[in-house]
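I opened this notebook to record side-chain interactions looked up in one model. The entries follow in the order in which I made them.

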Amino acid sequence: MTKFQLMTFCLAMTSTLTAQTTLKSTVKDDQEKPIPYANVLLLKATDSTFIKASITDDAGKWAIESVEKGTFLVKTMMTSFKTTVSEPIVVNGEKELMLPVTLLKTQSAELETVEIIHKKPFLEQRAGKMVVNVAESIAGSQGNLSDVLKKVPGLVIVNNQVSMAGKSGVTILLDGKPTEYMDIDALLKEMPADQIDRIEVVSQPDARYDAAGTGGVLNVIMKKSFSLGTNGSVTASFGYGKLPKTRLSANISRREKGLSVYLNASLSNRQGFEEMTVLRRIDTLAYLQNNYMPFNPKSVNVRGGVDYTIAEKHNIGFALGFNGAFNDRTSEGTTQISKMDALPIRTLKNVNTFYRHWYNMNAETFYNWEIDTSGTKLEWAANGSRFYRDANNVLQTTILNGDGTILDYPNRKNIEPGLIHVGATRLDFTYPINKNIKLSTGGKVSTAHLDNELKAAQSQNTDWIPDARLSNHFIYDETIGAAYANATLKWGKVEFQTGLRYEHTWSKGYSVTLDSVQIRPNYGKFFPSASVSIPIVKQLAAMTAYSYRINRPNYRSLNPFVTFMDPYTYERGNPNLKPEFTHTGQVSLTWGGQPFFNLEYRQTDNSIQVLTERVGASSFRFDGNVAKVTNLGGHLFFPLTVAKGAEGFAGVMVYQQRYDGVYLNAPLIQKAISYTGFMQFGYKINNTFKFEMNGWYQQGGFQGLIAIGKMYGLDMGLRGKFWDDHLELNLSANNLISNTFDGRVNFKDQDYTVDMKWEVRIFELSAKYKFGNRFLKERKKGKSGAEEETKRANMTN
């Protein structure tokens, strides 16, 4: 079915609707004056299920159209007034039903209590996932995506490689869409945190999710507000550690009578740096490399969309997004070559100048049909992205001998243009057979076309001579087709879930330079998943789950390109990289539906790891398949309640990690235990100020061949709300106390240590001015009717 045919079908459905009723009324205060912008919710009388919502106009009038026959309640809410629920209202199909005037009584003292109850913590535990509420945090909403991810318990980012609790194969999604095609370095460092609403850490996805992600799924949800009425905010911030950081953002949304429109935009220039020290020991020589790597991204992000209710139970939507950045920078470093514990016999001074410009344009559309009130629904969505990258770097090297002589060394130049197109479409159908059995099925097709080129050159006198050995033009095409079936069954208080997903991959990698096909994998696999939840006593329940998943190589890792960091260190792609597959089983205990204790076993075959290899005095890094990796461990979460207004929670993770395989014709057997501790604590000082503190500690585990040392960090923040909550001021101190990454490699002929540092003690002040229907916007954070209406329009929930 084409998009046009599908939309025609959707519109045709409107002609089949039965006669329905329009409800009308007026909301006034106890002085008989009309109340504008009050929130009016229509609920089912039997179980208070949310049906629809409206908002009063300047005259206090409201209307809810297309109401089917039945018995309902009308709930009316407004800031500073007591919430009112009507007597049951019977609708029999009349064209219009005028209800009595609703009178709201003034109530100002209880508002703050309601606001505290519905406040989301920075970290939430939900069934099957942990949610990091970035938008709710004082310190968490500062910085870039990398800064935010480092606050996720157990997550480690080193050289743009993401692992969690010792598990590689972590999949990062943006609003549920893959990022394999993107420049991960740009994504982590150049996406501002203030555009992120929350991050969902999905540990056991069911068959409805893509099978990708053997180490878990990080779904980054961007901000998208659909509160009733008109709402918006403007935010400006300035921060400083060793380099300045500025950003300016704004958002506005409007929802009224089935039409929702939103627009978010931001500009930022968040300078920062990383320092890396590597000591390599080769025979009787020591190679000490020190590199200072600043970054200076000037980024812009714009996203807007429209959702529209074309008829009762029929919703369509469309969104456009653009984000991009310029990031020119110059890295400086030295490589000192010496005999062990002796003065340097040679020093290389390296200057690496980078120019990078990239942008990503994406469009998406969806159609949702809520077929009946029992939960039967049909959902269709499609999206497409165009990613463009223009990058080049020049590596200049000067050699200083121990006797003071200077040697010329050829400079190197890389020009790397890249163009990527990605598209996907999916169709999902949900059918509850009865209140105890629910079935869902669907399918998805995605395509990716990557056209990347490396133009390498070496200097000769004043000219650049093309380097045919390293230059390459590589084209990669991939198509993935998927279908799934999922069932949820309830037997008393016991709940079962089982699903089966099939995915087939067709791909081809072609080197234009060599005129040869270097990749042609064609494979299909079934991916089962299952879980069962059993109550033990009242609030306590147990859950066990199993899933089988795949982690496909990052697209950029497949490019057979070589990039030099200095004359002795470089990176290269691996067109022969294969996907990895993981079996995961876990047992959890929940209290009140929230997981607090978890045991997990995970086995990954054909594991993808970051590897290093030595060739003479040089060392290079690449992604490779080397071993079977097993992880056994678990975590424990517990609340921290010190006093009234002072609460949070903490947790610990302990995992044993083991590698079993062969690498460089030698056994690769490594075993380690990783420890992670974290806590989040907030204290409401008074009605104006709130204090927040986040801390974490991690030690042990492996990332590829690297044995990881200890890392820790502590962030603090203070928030103040003024002018009746119109103005919000945040003062944050990130990495106030910090120990960054250190690791050691000791395998075969490789013996080296790595020490990485990034910017610490960053102080930042931000000011946000909010306008519009602020009460409804804040209520969106809790279980209000406005939030339920938002969920109907927001595909990411």
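Over the face of which residue does Arg-329 lie? I found Arg-329 over the face of Phe-354, at 4.5 Å from the ring centre. A charge sits over a ring if NZ of Lys or CZ of Arg is within 6 Å of the ring centre and within 35 degrees of the ring normal. I noted Arg-280 over the face of Tyr-287 as well, at 5.1 Å from the ring centre.

Basis of the entries. I am working with a predicted model, in which local features need pLDDT of at least 70 and side-chain atom pairs count only at pLDDT 80 or more, while totals for chains, interfaces and linings use all residues. Residues are numbered from 1 along each chain as its sequence is written, and side-chain values use heavy atoms, with hydrogens and water left out.

Salt bridges. I took a salt bridge as a side-chain nitrogen of Lys or Arg within 4 Å of a carboxyl oxygen of Asp or Glu, and the count came to 20 salt bridges. Glu-759 forms one with Lys-245, the closest N and O atoms being 2.8 Å apart. This pair links distant parts of the chain: Glu-759 is in the loop between strand E50 (750-758) and strand E51 (762-772), and Lys-245 is in strand E19 (residues 244-256), 514 residues apart. Strands (E, at least two residues) are DSSP runs, numbered from the N terminus. I recorded both Glu-759 and Lys-245 as buried, a term that means under 20% relative accessible area, with exposed over 50% and partly exposed in between (1.4 Å probe, protein chains only).

I next looked up Glu-764 and Arg-247, whose side chains meet in a salt bridge of 3.9 Å, N to O. Glu-764 lies in strand E51 and Arg-247 in strand E19, so the pair ties together parts 517 residues apart in sequence. Glu-764 is buried at 1% relative accessibility, and Arg-247 is buried at 7%. Arg-247, Arg-270 and Glu-764 are linked in a network of salt bridges.

Phe-273 is buried, at 5% relative accessible area, whereas Tyr-292 is partly exposed, at 31%.

Notes
Helix = DSSP H or I, 4+ residues; strand = E, 2+ residues; numbered from the N terminus.
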